[in-house]
Amino acid sequence: MGRRRRGGRDLTTSSPGEPARRPDASMSILVDLMANAVDEGYAQAAARRGAPTVTSPRPRSPADDVGDAASGAQARTRAALVGAAVALALAGALFATAAVATHRGTAAANRDRRQLVAQVTLQTTATDELERQVSSLGTQVSDARTTALSLTDRGSSLLSQIKQLEPLDGAVPVVGSGVRVILDDAPSSHASGSDGSGIIVDSDLRAAVNGLFIAGAQAISINGQRLTAQTAIREAGGAILVDYRPLSPPYTIDAIGPTSLGSTFTSSETGQLFVTDHQLYGLGFTIDDHQRLTLPSAANVVVHYAKPLESP
């Protein structure tokens, strides 16, 4: 048997009559090591002691690769499930924290609102009591003035003028026939998407009051608040204020005047405007004649100057 080289590679040749050698004959030691990883003597000793014998791993097959891939997929699935569970737990904790914070904030807001309502109620009660005291003292002053002026002829003449002017400036309560006008927001004015066309605003009340005065009214009140030449009707924060007192709908306007007051106001430009708003936007507008109306005195009549009478 001889060797010869071809293209840099050694090729083994055999002579005729020699038995053919295995192609891996030169790798027999490696083959033995792979087939029998454990020495025979060690294996026999391990068998006598009852210890498990370490055997060489078998060659991997495509089924092993498939199994490994399945095991990897299962591991990734378990990891994804664990991650999802952790994310859900964190989200639940965040939602719970937000819910607790919201509940505490709502409870605090409700507590503050109750305190404000209680303060407003208390102050309103105190203000009403002060107004009653003012009215009582005003009555005493009026009685004392009447007594003093009645002592002389000139005083009696002045007293007659005062009696004529007092109903006009709201200094005393008045009773008489007249009309009652009721203005109210449209039922759909507070619905979502409403443009506010059916809501009564301060300018509506001013227009109604001025229209009634033009029609012949001698005394007017709104929701029990007597109007004077100094009365302010304005709006602040969505509420209508009459002499700085907030009013809420419906707005009842009592006016004392001649028997033709109602018809004159209804046929006026202002009255027709309210009729049109009632038909188009559902604005609440009614006007009725009353044979007897009682209007209270104004609570804030202030005397800016006075002149003493000359001694007789």
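**Salt bridges, sheets and a ring pair**

Reader: Let's start with a side chain: what's the relative accessibility of Arg206?

Author: Arg206 sits at 34%, so it counts as partly exposed. The cut-offs are under 20% relative accessible area for buried, over 50% for exposed and partly exposed in between, with a 1.4 Å probe and protein chains only.

Reader: And what am I looking at, in terms of model and numbering?

Author: This is a predicted model: local features need pLDDT of at least 70 and side-chain atom pairs count only at pLDDT 80 or more, while totals for chains, interfaces and linings use all residues. Residues are numbered from 1 along each chain as its sequence is written, and side-chain values use heavy atoms, leaving out hydrogens and water.

Reader: OK, back to Arg206. Which residue does the side chain of Arg206 meet in a salt bridge?

Author: That's Asp202, at 3.2 Å from N to O. A salt bridge here puts a side-chain nitrogen of Lys or Arg within 4 Å of a carboxyl oxygen of Asp or Glu. Both residues lie in helix α5, four residues apart, about one turn of the helix. Asp202 has 14% relative accessibility, so it counts as buried.

Reader: How many salt bridges does the structure hold?

Author: Four. Another one joins Arg180 to Asp254, with the closest N and O atoms 2.7 Å apart. That pair links distant parts of the chain, Arg180 in strand β3 and Asp254 in strand β9, 74 residues apart. For reference, helices (H or I, at least four residues) and strands (E, at least two) are DSSP runs, numbered from the N terminus.

Reader: Asp254, buried or exposed?

Author: Buried, with a relative accessible area of 10%. Arg180 is partly exposed at 29%.

Reader: What's the bridge partner of Arg180 in β9?

Author: Asp254 again. On β10, Arg180 stands opposite Asp288.

Reader: So which order do the five strands of that sheet come in?

Author: The open sheet runs β5-β4-β9-β3-β10, with antiparallel pairing. Strands pair if DSSP finds at least two bridges between them. At the edges stand β5 (225-226) and β10, each with a single partner strand, so one side of each has no neighbour in the sheet.

Reader: How many bridges join β3 to β10?

Author: 10. Strand β3 (residues 174-184) also pairs with β9 over six bridges, and four bridges join strand β4 (residues 219-222) to β9. In that last pairing, Ile222 stands opposite Ile253.

Reader: Why is β9 described as largely enclosed by the rest of the structure?

Author: Five of the six residues of β9 (residues 251-256) are buried, so the strand is largely enclosed.

Reader: Switching topic: how many aromatic pairs does the ring rule count?

Author: One. The rings of Phe274 and Phe285 have centres 5.5 Å apart and planes at 15°, so the pair is stacked. The rule takes rings of Phe, Tyr and Trp (its six-membered ring) with centres within 6.5 Å; planes under 30 degrees apart are stacked, over 60 edge-to-face and the rest tilted. Phe274 belongs to helix α7 (residues 269-281) and Phe285 to strand β10 (residues 284-295), 11 residues apart. Both are buried.

Reader: Where does α7 lie?

Author: Across β3 and β10, running at about 130° to β10. Axes are lines fitted to C-alpha atoms, for helices over the stretch in contact, and angles run from 0 to 180 degrees between N-to-C directions.

Reader: Which strands form the three-strand sheet?

Author: β6-β7-β8, in that order, open and antiparallel. The edge strands are β6 (233-236) and β8 (245-247). Neighbouring strands are turned by 40° against each other on average, direction ignored. Helix α5 (residues 202-215) packs on this sheet, touching β6 and β7 (contact means heavy atoms within 4.5 Å), at about 170° to β6.

Reader: How far does α5 reach from its first C-alpha to its last?

Author: 20 Å over 14 residues, close to the 20 Å expected. The expected span is 1.5 Å times one less than the number of residues.

Reader: Last one: which side chain meets Asp128 in a salt bridge?

Author: Arg245, at 3.3 Å from N to O. Asp128 is in helix α3 (residues 62-149) and Arg245 in β8, 117 residues apart. Asp128 is partly exposed at 25%, and Arg245 is partly exposed at 21%.
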